[in-house]
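Here is a short tour for someone meeting this structure for the first time. Start with a single residue, then widen the view.

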Amino acid sequence: MDRWSTAERLCGLLGGELAQHGRFGLLRGREALALRRDGVGVWRGEEGPRAFLTTVVRVPTELAARVRAAAQPAAPAGADQHYLYPAGAIHITLANLDRYADLPLERVAAVLAHRVGAAPPITFTLRGLAVARHTVYVRAYARPASAPLALRASILRDLETGPPRQEPLRIAVSNVVRFRCADLTAVPPAVHACRNACFGSFPLHRVELVRTDKVLSAAGTELLAAFDTTS
C-alpha cells in the first residue's frame, strides 16, 4: 500500500465531514505533485463514441450552470483550447461499470434498481474549484459522508462474480473543464478565484445507467435506464 493509500485510509478513520476534507486535501496534493512531475494530461478525443458503461448523477441544470460560469475563464474560447462541459453534462460518477459490461443488462439494471431504491437520503454540496492533471473539477461533499461510498460498494458487491476486490476509497467530484492543450495559463487565476466558493446543494433523486464518451456529451451518450430513490 503506497503512502497516498495509507493516508486516505487514515482520513477515513476520522469519519464524516473531516474525512471528506482530508481526502480532498490529499487529492489536491497528489494531483499537484503529478502535474509538476508528469505535466498536463491532454484529452485528444472527440465527443463519442459510446465507449464506457457507467452510472452517473447529473447535477441539476441551474446549479451546473453556476459551476460552469465560474470555470469558464479557465477555458478560453478557441478550437485548440480546453473543453468546457455543457451544464447538462456536469455530473458525479457513482460507479464505473466497465468491468461488468459483459453481464446481461437486465442483471445490472436489477441490482441498480434495488440498491438505488434502498439508498438513504443523500445530499451533495458543490464547493470550490480545483485542478487535477487532466481537469478542473468542483468538489462534491456528501451528507451523510459515507452514504455514496456505501451505495457504490453495495452495487459493485452485488455485481461481482469472483472474489471480492479491494476498492479504493472514493470522494465525489464533478469535472467542469477537460484539458485539450498543455497551456494552463488561464487556469490558476480562475481556480483561485473560486477555490472556496459554495455553488449550492442538491439531493440525490436519480441515478442513470449510460454508455457514454469521456465527457457525457449528448452525441456520445446512450441512456440505458434510470433509477429513482424512494427516500
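## A cysteine and its contacts

This is a predicted model. Cys 194 touches Ala 70, Gly 128, Leu 129 and Phe 199, leaving aside residues up to four places away in sequence. Cys 194 sits in the loop between α6 (187–193) and β7.

Is Cys 194 buried or exposed? Its relative accessibility is 13%, so Cys 194 counts as buried; the cut-off for buried is under 20%. The C-alpha atoms of Cys 194 and Ala 71 are 8.3 Å apart, although 123 residues separate the two along the chain.

## The five-stranded sheet

β7 belongs to an open sheet of five strands. The order is β2-β6-β5-β4-β7, and the pairing is antiparallel. Which strands stand at the edges? They are β2 (83–84) and β7 (198–203). Each has a single partner strand, so one side of each lacks a neighbour in the sheet.

Within this sheet, β4 (residues 123–131) and β5 (residues 135–143) run antiparallel and are joined by eight bridges. Arg 127 stands opposite Arg 139 in β5. Helix α3 (residues 61–71) lies across β2, β4, β5, β6 (172–178) and β7. The helix runs at about 155° to β7.

## The four-stranded sheet

Another open sheet has four strands, in the order β3-β1-β8-β9. Its pairing is antiparallel too. β3 (91–96) and β9 (222–228) stand at the edges. Each of these has a single partner strand, so one side is left without a neighbour in the sheet. Neighbouring strands here are turned by 30° against each other on average, direction ignored.

Look next at β1. Strand β1 (residues 52–58) pairs with strand β8 (residues 206–212) over five bridges, in the antiparallel sense. Leu 53 stands opposite Arg 211 in β8. Thr 55 stands opposite Leu 209 in β8. β1 also pairs with β3, again antiparallel, over five bridges. There, the bridge partner of Arg 58 is His 91 in β3. How many residues of β1 are buried? Five of the seven are, so β1 is largely enclosed by the rest of the structure.

## Helix α4 on the sheet

Helix α4 (residues 105–117) lies across β1, β8 and β9. It runs at about 35° to β9. α4 has 13 residues and reaches 18 Å from its first C-alpha to its last. That is close to the 18 Å expected at 1.5 Å a residue.

Which residues of α4 are buried? They are Val 108, Ala 109, Val 111, Leu 112, Val 116 and Gly 117. The buried residues of α4 pack against β1, α5, β8 and β9. In general, an α-helix has 3.6 residues a turn, so residues three or four places apart point the same way.

## Where two helices meet

α4 also packs with helix α5 (residues 147–159). The angle is about 145°, and the axes are 10 Å apart. α4 passes α5 in a right-handed crossing.

From α4, the contact involves Arg 107, Val 108, Val 111, Leu 112, His 114, Arg 115 and Val 116. From α5, Leu 151, Ser 154, Ile 155, Arg 157, Asp 158 and Leu 159 meet them. The residues of this contact divide into seven nonpolar, two polar and four charged.

Notes. Residues are numbered from 1 along each chain as its sequence is written. This is a predicted model: local features need pLDDT of at least 70, side-chain atom pairs count only at pLDDT 80 or more; totals for chains, interfaces and linings use all residues. Side-chain values use heavy atoms; hydrogens and water are left out. Two strands pair if DSSP finds at least two bridges between them. Axes are lines fitted to C-alpha atoms, for helices over the stretch in contact, and angles run from 0 to 180 degrees between N-to-C directions. Contact means heavy atoms within 4.5 Å. A crossing is left-handed if the near helix is turned anticlockwise from the far one by less than a right angle, and right-handed if clockwise. Ala, Val, Leu, Ile, Met, Phe, Trp, Tyr, Cys and Pro count as nonpolar, Asp, Glu, Lys and Arg as charged, and the others, Gly among them, as polar. The expected span of a helix is 1.5 Å times one less than its number of residues. Buried means under 20% relative accessible area, exposed over 50%, partly exposed in between (1.4 Å probe, protein chains only).
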